Amino acid sequence: MSESLRPQIGLLRFGCALLLAGAASLVSGVRAEAQEAQMTAGVSVDGKTPIDVANLVTNLKLANQLRSVVVPIMQVGKADGQQQLSNFDLFVIFRIAELTLPPTDAKDTVERRRQKIKSTEILRITGNANIPQDLHERANQLMIANLVPLIGNAQYSMDARYNAMLLLGMLDKVEPDAAAARPAVPLDSTEPILLQAAKTATLPEILRIGALVGLARHCDLQLAGTHRAAIAAEALALLSAKVPPSGFSANGFHWARKQAIAMVMGLAKTGSETSQPPFIQALQALLADESQPLFLRRDAALAFGYVDPAAIAAGSVKPDDICKAIANLTLAVTKAGTPRFDPTAPVDLSKPEDVFQTPNEDNKVRFAEGVAYYLNCIATGLGGRIANRGLIKGINGADPTFARVNDLLNKHVNPLVTALSKPNPDSNRLLSDLEQKRGPLEEWMRQNQLVAGPGGGANIVPAGNGAPAGAGGALGAPRAP
């Protein structure tokens, strides 16, 4: 084993163990989260040697003085002597600890602090292409060593833990540089930790979804081959599940599957792991299930514009069944803005009239852009946006389904996009355009036997297994367990 790999492997084992330990503390009934503890110490890159930042946490003037000393070191990219290296470690750990501190004003959010660490305070500076990468590599090691115990510790606020998870997924081996047209290369050594977190049923679901957000980001970038198969397997497991896995609520499961679809699309751009028949089957089942949230069906349709069309032809799912599912989703989208059947009923995200409120002068632009986005996703899935990808690219031109897909795309979906993309939309005209195009679409679907039967749901998700430990709903305000 290479000596240079030993610290990273040790950190990975350390990290996964800490995540599991943190989850175990939740199971045991610890309710310390309400205390919202502040981090006052961290560890060095070995994961063991303590580094105290208590003075910086309580004295921001001292922290600013340290910053003025460390920024020049980061701009050089390499520490000159142990003192500079110690100052750098101290500054990085303080910035991580800052995620747990109370805000100084309304703009001083945890999200803003996380973005500063990534973009302006540490990672982009030390990852500059024109300087040595010594401090960038050390910063990544310090991040892993200190973010993971923060995530796993129920004494810290959920805001701090969630943003620490997001930051873990944002770590890069190579930082992006737009000016130099250099894309990010994600830090693949974090992927086992993110996968472990996503699978840990006793970890709060909001943290598990944060881990999936990180994995989806990795998949969308230059993901190394080491963990691609394991990530693809996790995505397929989520997409194929008929009920929420243990620890997920129904809403949390929906958002986990949204990230799983993003993982499928990202992996399909650079490899073949997700361009396989089981993924086609799982996507089609989700797309055809009218009980699912509209945004999930939309993303499933979009995914067909990324997977290899050869996988469509090779699998057990017939292209005509995919066409039928996409046609019914399109028909549902044309009902956007129609009055709710029962205005007093809870919002149902599977219903277009609940997802898209009736347009008025205040929301007409958002309405038009939102509906057009859905339709563009559908057009991408049909094969009308990305070269050599999409449903129509996987069908022989002599197959009758080819003509149906072509008609759906060019005679119905694209004209709707054009109508919704006019400048200065009129709120009344938006609804009339949708209504005028809905009638011909529905008639065409009847003629081609594409109208789904009542219900249409083969992948119905029940209410779930109850609220998972420590979660306040996947998108709700974080609450203590």
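This is a predicted model: local features need pLDDT of at least 70, side-chain atom pairs count only at pLDDT 80 or more; totals for chains, interfaces and linings use all residues.
Residues are numbered from 1 along each chain as its sequence is written, and side-chain values use heavy atoms, with hydrogens and water left out.

Helix α10 (residues 205–220) and helix α12 (residues 250–270) have axes that come within 8 Å and cross at roughly 15°; helices here are DSSP runs of H or I with at least four residues, numbered from the N terminus, and axes are lines fitted to C-alpha atoms over the stretch in contact, with angles from 0 to 180 degrees between N-to-C directions. Because of this angle, α10 is roughly parallel to α12, a term applied to angles under 35 degrees. The crossing of α10 with α12 is left-handed, that is, the near helix is turned anticlockwise from the far one by less than a right angle. Contact (heavy atoms within 4.5 Å) involves, among others, Ile209, Leu212 and Ala216 of α10 and Trp255, Ala256 and Met263 of α12. By class, this contact has 11 nonpolar, 3 polar and 3 charged residues, where Ala, Val, Leu, Ile, Met, Phe, Trp, Tyr, Cys and Pro count as nonpolar, Asp, Glu, Lys and Arg as charged, and the others, Gly among them, as polar.

In the second pair, helix α9 (residues 191–199) packs with helix α11 (residues 228–240) at an angle of about 20°, with the axes 11 Å apart, and α9 is therefore roughly parallel to α11. The crossing of α9 and α11 is also left-handed. Here Glu191, Leu195, Ala198 and Lys199 of α9 meet Ala230, Ile231 and Glu234 of α11, a contact with 4 nonpolar, no polar and 3 charged residues.

Leaving aside residues up to four places away in sequence, Leu168 touches Ile144, Leu147, Val148, Ile151, Thr190, Ile193 and Leu194.

Arg404, located in helix α19 (residues 400–420), is buried, with a relative accessible area of 18%; buried means under 20%, exposed over 50% and partly exposed in between, for a 1.4 Å probe and protein chains only. Beyond residues up to four places away in sequence, Arg404 touches Asp320, Cys323, Trp444, Asn448 and Leu450.

How values were computed:
Helices (H or I, at least four residues) and strands (E, at least two) are DSSP runs, numbered from the N terminus. Angles under 35 degrees count as roughly parallel, over 145 as roughly antiparallel, 65 to 115 as roughly perpendicular and the rest as oblique.
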